[in-house]
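Here is a friendly briefing on charged pairs and strand pairing. Have a look at the chain below, and then we can go through it together.

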Amino acid sequence: MPAVSKGDGMRGLAVFISDIRNCKSKEAEIKRINKELANIRSKFKGDKALDGYSKKKYVCKLLFIFLLGHDIDFGHMEAVNLLSSNKYTEKQIGYLFISVLVNSNSELIRLINNAIKNDLASRNPTSMCLALHCIANVGSREMGEAFAADIPRILVAGDSMDSVKQSAALCLLRLYKASPDLVPMGEWTARVVHLLNDQHMGVVTAAVSLITCLCKKNPDDFKTCISLAVSRLSRIVSSASTDLQDYTYYFVPAPWLSVKLLRLLQCYPPPEDAAVKGRLVECLETVLNKAQEPPKSKKVQHSNAKNAILFETISLIIHYDSEPNLLVRACNQLGQFLQHRETNLRYLALESMCTLASSEFSHEAVKTHIDTVINALKTERDVSVRQRAADLLYAMCDRSNAKQIVSEMLRYLETADYAIREEIVLKVAILAEKYAVDYSWYVDTILNLIRIAGDYVSEEVWYRVLQIVTNRDDVQGYAAKTVFEALQAPACHENMVKVGGYILGEFGNLIAGDPRSSPPVQFSLLHSKFHLCSVATRALLLSTYIKFINLFPETKATIQGVLRAGSQLRNADVELQQRAVEYLTLSSVASTDVLATVLEEMPPFPERESSILAKLKRKKGPGAASGLDDGRRDASSNDINGGVEPTASTLSTPSPSADLLGLRAAPPPATAPAPASAGNLLVDVFSDSPAAQPSLGPTPEEAFLSELEPPAPESPMGLLADPAPVADPGPEDIGPPIPEADELLNKFVCKNNGVLFENQLLQIGVKSEFRQNLGRMYLFYGNKTSMQFQNFAPTVVHPGDLQTQLAVQTKRVATQVDGGAQVQQVLNIECLRDFLTPPLLLVRFRYGGAPQSLTLKLPVTINKFFQPTEMAAQDFFQRWKQLSLPLQEAQKIFKANHPMDAEVTKAKLLGFGSALLDNVDPNPENFVGAGIIQTKALQVGCLLRLEPNAQAQMYRLTLRTSKEPVSRHLCELLAQQF
């Protein structure tokens with residue numbers, strides 16, 4: 001930078017600043033400023049032309065006044081004129097004024113752009129740097145359009161000085177962040193990567209920042225940076241503090257550059273080149289070794305720089321998740337920080353260990369620190385550190401330590417900060433459900449949870465325990481006994497009354513034989529809480545009372561007396577009044593048989609996602625989804641249902657594991673390469689939250705299609721790098737599908753995920769996603785026994801000419817499946833043209849020496865390739881009339897098989913794949929939809945109309961498509977859903 005001469009002192013500016021500082025009041029300051037503004041305005045408008053020094057001085061005063069908080073509405077043109085000065089100080093002040101006071105919409109931008117263009121073309125490094133700084137500071141789109149193409153050329157030019165390259169890299173980074181579409185990718189991208197080899201460390205640091213940002217959107221263009229980054233990192237890590245004196249910070253060589261290089265490497269999977277990977281592993285080991293060395297300085301700056309590199313190194317090790325030795329060493333290093341006197345280090349250690357806990361290589365190492373983490377939960381003063389400790393306990397929990405962790409979290413809950421109580425309640429509920437050894441412990445835990453933190457127990461938690469108790473015969477009696485005892489406490493939370501009312505109303509007969517819990521005692525205990533509860537709880541208790549009349553006829557007179565009371569029949573709340581009147585009439589008029597039918601025991605709840613886990617995801621936010629969906633699965637864990645509520649089919653199974661696969665508790669294991677892993681493709685397709693939907697890039701269709709490039713028709717296995725070379729079995733080798741195959745298939749017509757099949761040996765789960773004419777399906781095979789499956793061979797079979805209509809490629813799976821384990825199979829699917837019959841899934845294996853064979857219908861139906869289409873009413877009716885040929889329409893009138901609920905109907909139609917069109921049908925009760933079936937050969941337009949008749953409990957379904965077989969098939973498929 002040019003030296004400042006004596007004449008550049010600007011004495012007038014110094015006097016003005018001194019006057020401002022000496023002002024005794026705000027009024028005096030404003031008076032002095034106004035006087036100076038009037039003087040500057042007169043100088044700028046005067047006849048006498050000002051020289052560069054005077055302009056600079058007055059512009060500086062205006063800049064100072066602006067920084068004091070006063071508006072400046074003149075002087076901009078004088079600042080622009082300074083840009084054309086040949087003196088550095090004048091040009092510098094001009095650029096400074098513009099950077100601070102000129103906004104991106106100013107009319108002067110064009111004049112400023114011309115001055116900047118002249119400076120960039122001058123090849124004067126000082127002027128070029130000032131111009132680049134100004135572009136970065138203003139960062140307007142107009143400036144980006146003017147200079148986005150020039151700056152990359154300056155950056156990679158061989159004759160550009162180091163300071164110019166450094167400024168150009170940071171300027172380009174600023175423009176890219178503001179307007180990514182303005183920065184063109186071209187030949188310069190390959191050359192900018194080689195700046196990592198530049199001898200000037202400042203240029204390297206700026207280049208790394210730029211490349212890290214660019215490669216997130218265009219990773220393939222910058223792949224070559226991996227080896228150069230590893231090489232540069234190796235040189236820094238192995239250097240002594242004296243080797244890089246200008247860039248050594250408190251005995252730590254180039255800490256900022258080291259951190260940036262480590263972050264750059266986290267944008268890519270582990271290096272494929274063995275030599276590069278070996279050198280990188282050596283670097284990481286060196287950093288971990290240096291962390292064990294005694295500090296070279298007692299200054300906090302030294303430890304901060306050293307720890308910054310260490311934590312970024314651990315982040316890279318966790319990101320790769322492929323080096324067991326490094327992961328365990330990283331865990332041990334973090335374990336040392338758990339008891340460090342510095343709060344920030346303890347926080348960072350807990351946060352990093354949460355991620356390590358999800359790795360199969362380091363999970364056991366993390367568990368060794370459980371006592372330290374529990375102690376942190378109890379003794380930490382900082383609430384944020386305590387919250388991270390709770391997160392880590394949640395992450396490290398498995399079957400072996402679940403009882404200890406749940407017990408400690410319950411104990412901590414009694415004194416926990418109010419801000420995190422609800423989150424801890426959710427975590428305790430999830431862990432108790434997921435790792436319950438027996439159901440009695442689960443019930444005890446949830447009831448204890450309600451007792452300790454009733455106000456923070458959301459509806460999702462106590463709904464969940466009711467669902468599980470209802471679905472499990474073996475726990476109903478214990479639950480009734482336990483909740484009866486809990487209700488005897490003098491101070492009983494309202495949530496406990498709700499749980500007690502429901503469970504005793506359903507299963508109170510199981511404990512009625514004990515005189516201490518006889519029917520009158522149960523009723524009097526519940527009714528003693530009635531007047532202390534809210535309206536919603538009292539409504540639930542009234543339902544319990546009418547259930548008691550059915551279960552215990554001897555209580556009928558007492559309960560009818562309560563229902564006849566004026567406080568009920570004339571209650572100000574309409575809901576309570578209506579229930580009292582209806583229940584009283586029902587108990588008086590209905591016969592015993594009718595009463596028993598109306599008030600029969602609740603059926604098992606249907607299979608659905610755990611609402612507790614969904615609530616915890618929403619509370620933690622979208623960024624935390626991966627931390628909640630723990631990819632590590634304990635093969636021997638005894639989940640109550642792993643996030644899936646038990647179904648009737650699971651009730652007859654003696655196995656304690658109701659959902660061995662835990663389809664809704666965790667995403668599929670990421671066994672595929674990182675760019676196309678199951679976790680990347682389907683983040684959490686079961687979640688109802690939009691935040692948990694899969695992230696497929698800026699254009700979802702293109703990203704999905706690029707992952708599933710369709711195979712050539714003559715080579716249906718073209719997608720697979722490792723295709724299974726097993727041909728479809730011949731017709732004579734395939735047994736008929738199991739009797740319930742059609743029923744199982746119908747369950748998946750309007751949904752993509754769930755349990756396809758389950759018996760005492762095997763559970764088969766499905767996760768799938770479809771986009772246009774392509775799809776990807778994950779099949780999970782779970783061995784529910786303790787013995788190994790031998791010769792395990794699932795095969796997809798194309799009956800008839802389905803091979804020409806649907807291409808399905810499978811990857812081979814392990815031929816042996818250990819007891820309690822699961823394997824995953826990936827299917828890539830392409831719809832070549834419309835089809836009517838689904839492919840078959842043939843599963844063969846040997847269990848205990850006996851061959852087992854199973855044939856199912858794979859849940860791939862033509863509606864899976866539906867693309868919803870929005871259209872106006874006029875367009876809809878016009879298209880409806882065009883599809884008026886008799887063969888193009890299929891109509892069916894049928895009786896409703898399920899309760900006619902408008903919201904459920906809407907959800908099924910959306911799940912079927914069509915778009916629902918509002919304000920199209922004159923009858924608002926009817927449903928109208930439209931969509932296009934995407935196949936490789938052609939597109940089939942489809943319009944549908946569903947007319948429900950609630951009084952007759954009937955539906956009329958009409959479909960019109962451009963292909964007659966498709967109309968009939970879709971009509972049959974959809975009619976079976978209602």
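Why are Arg 32 and Glu 36 separated by about one helical turn? Because they sit four residues apart in helix H2 (residues 26-45); helices here are DSSP runs of H or I with at least four residues, strands are runs of E with at least two, and both are numbered from the N terminus. This is a predicted model, in which local features need pLDDT of at least 70 and side-chain atom pairs count only at pLDDT 80 or more, while totals for chains, interfaces and linings use all residues. Residues are numbered from 1 along each chain as its sequence is written, and side-chain values use heavy atoms, with hydrogens and water left out.

**Salt bridges**

- Side chains of opposite charge can pair when their charged atoms come close.
- A salt bridge here is a side-chain nitrogen of Lys or Arg within 4 Å of a carboxyl oxygen of Asp or Glu, and the count by this rule is 36.
- Arg 32 and Glu 36 form one of them, at 3.0 Å from N to O.
- That pair belongs to a network of salt bridges which also links Asp 19 and Lys 61.
- Lys 367 bridges to Glu 364, with 3.3 Å between the closest N and O atoms; these two residues are about one helical turn apart because they are three residues apart in helix H19 (residues 363-367).
- Lys 481 and Glu 485 also meet in a salt bridge, 3.0 Å from N to O, and they are four residues apart in helix H26 (residues 473-487), about one turn of the helix.

**Buried or partly exposed**

- Buried means under 20% relative accessible area, exposed means over 50%, and partly exposed lies in between (1.4 Å probe, protein chains only).
- Arg 32 and Glu 36 are both buried.
- Lys 367 counts as buried because its relative accessibility is 15%, whereas Glu 364, at 49%, counts as partly exposed.
- Lys 481 is partly exposed at 43% relative accessibility, and Glu 485 is partly exposed too, with a relative accessible area of 42%.

- Strand E8 (residues 822-831) is largely enclosed by the rest of the structure, because nine of its 10 residues are buried.
- Two strands count as paired if DSSP finds at least two bridges between them.
- Strand E5 (residues 774-783) runs antiparallel to E8 and is joined to it by nine bridges; Gly 782 has Gln 822 in E8 as its bridge partner.
- Strand E7 (residues 806-810) also pairs with E8 in the antiparallel sense, over five bridges, and Ala 807 has Glu 830 in E8 as its bridge partner.
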